[in-house]
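Dear colleague,

Please find below the structure that I am handing over to you. My notes on it follow.

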Amino acid sequence: MRSKEDTLRRPLFAALLALTVACAAPESGADGEGAGAEPMAAEVQEMPPAPMADPADVESVEAIVTAVYESISGNAGVPRDWDRFRSLFLPGARLMPVATEHLENGRRSSISSVSPEEFAAGSEGFFEEQGFFEVEIGNVTETYGDIAHRFSSYASMRTDDPNEEPFNRGINSFQLLHDGERWWILTIFWQHEPDAGPIPDKYLDS
């Protein structure tokens with residue numbers, strides 16, 4: 001059974017999960033019409049060019065992770081800088097929150113997967129009603145060649161008051177690529193502390 005705190009921290013994930021399910025649902029004709037029809041060639045549409053990133057946002061792993069947190073943070077009703085947010089991600093990038101159900105004999109987890117564009121669209125209603133600020137509270141970064149992984153521990157709050165008690169914490173797992181000119185985010189994969197257990201000290205600033 002979910003606690004009151006567990007319920008309060010899920011509205012954004014619930015919106016993203018509903019959006020993902022809706023996007024994945026196949027269309028069907030009346031009375032199964034079209035079930036055996038030949039698949040039609042997909043219509044190719046040109047995508048608008050991605051927003052140009054601020055060079056300062058993508059010059060390092062530290063900078064691009066900070067830019068993510070800053071672009072999604074703000075007071076209730078304050079529009080987020082979604083162009084800045086989108087500019088940080090490689091085409092085809094995904095955001096994947098973990099949902100965990102607590103059972104008598106353990107827990108069961110699953111994920112949803114959305115694009116940065118779907119994340120932005122699905123978050124608008126939440127950010128209109130809720131103040132939301134997320135900050136990094138510790139990290140471990142590993143690099144090899146042009147790839148990097150960052151375990152970024154986060155705290156979520158309703159205001160930007162540094163003395164406010166977080167309503168949620170967890171770890172964002174960033175996978176990143178440097179293409180020779182800048183850093184890009186491929187995926188952000190995350191789980192909440194109440195589901196996964198206390199964040200280990202090695203992933204927290206001392």
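**The sheet and its surroundings**

In this predicted model, six strands make up an open sheet with mixed pairing, in the order β2-β1-β6-β5-β4-β3. Two strands are said to pair if DSSP finds at least two bridges between them. Strands (E, at least two residues) and helices (H or I, at least four) are DSSP runs, numbered from the N terminus. At the edges lie β2 (106-111) and β3 (133-144), each of which pairs on one side only. From one strand to the next, the twist averages 20°.

A word on conventions is needed here. Residues are numbered from 1 along each chain as its sequence is written. Because the model is predicted, local features need pLDDT of at least 70 and side-chain atom pairs count only at pLDDT 80 or more, while totals for chains, interfaces and linings use all residues; side-chain values use heavy atoms, with hydrogens and water left out.

**Strand β1 and its partners**

Strand β1 (residues 89-103) runs antiparallel to β2, and six bridges join them. Within this pair, Thr 100 stands opposite Ser 109 of β2. Strand β1 also runs parallel to β6, with five bridges between the two. Here Phe 89 has Ile 185 of β6 as its bridge partner.

**Strand β6**

Strands β5 and β6 are antiparallel and are joined by nine bridges; Gly 170 stands opposite His 192 in β6. The two strands form a hairpin with four residues between them, and Gly 180 in the turn has a positive phi of about 105°.

Is β6 largely enclosed or open? Seven of its 10 residues are buried, so β6 is largely enclosed by the rest of the structure. Buried means under 20% relative accessible area, with exposed over 50% and partly exposed in between (1.4 Å probe, protein chains only). Thr 187 is located in β6 and counts as buried, at 18% relative accessibility. Leaving aside neighbours within four places in sequence, Thr 187 is in contact (heavy atoms within 4.5 Å) with Arg 94, Met 96, Ser 173, Phe 174 and Gln 175.

Helix α3 (residues 61-72) lies across β3, β4 (147-157), β5 (168-178) and β6 (183-192), at about 30° to β4. Helix α5 (residues 116-129) lies across β1 and β6, at about 55° to β1. Axes are lines fitted to C-alpha atoms, for helices over the stretch in contact, and angles run from 0 to 180 degrees between N-to-C directions.

Yours sincerely
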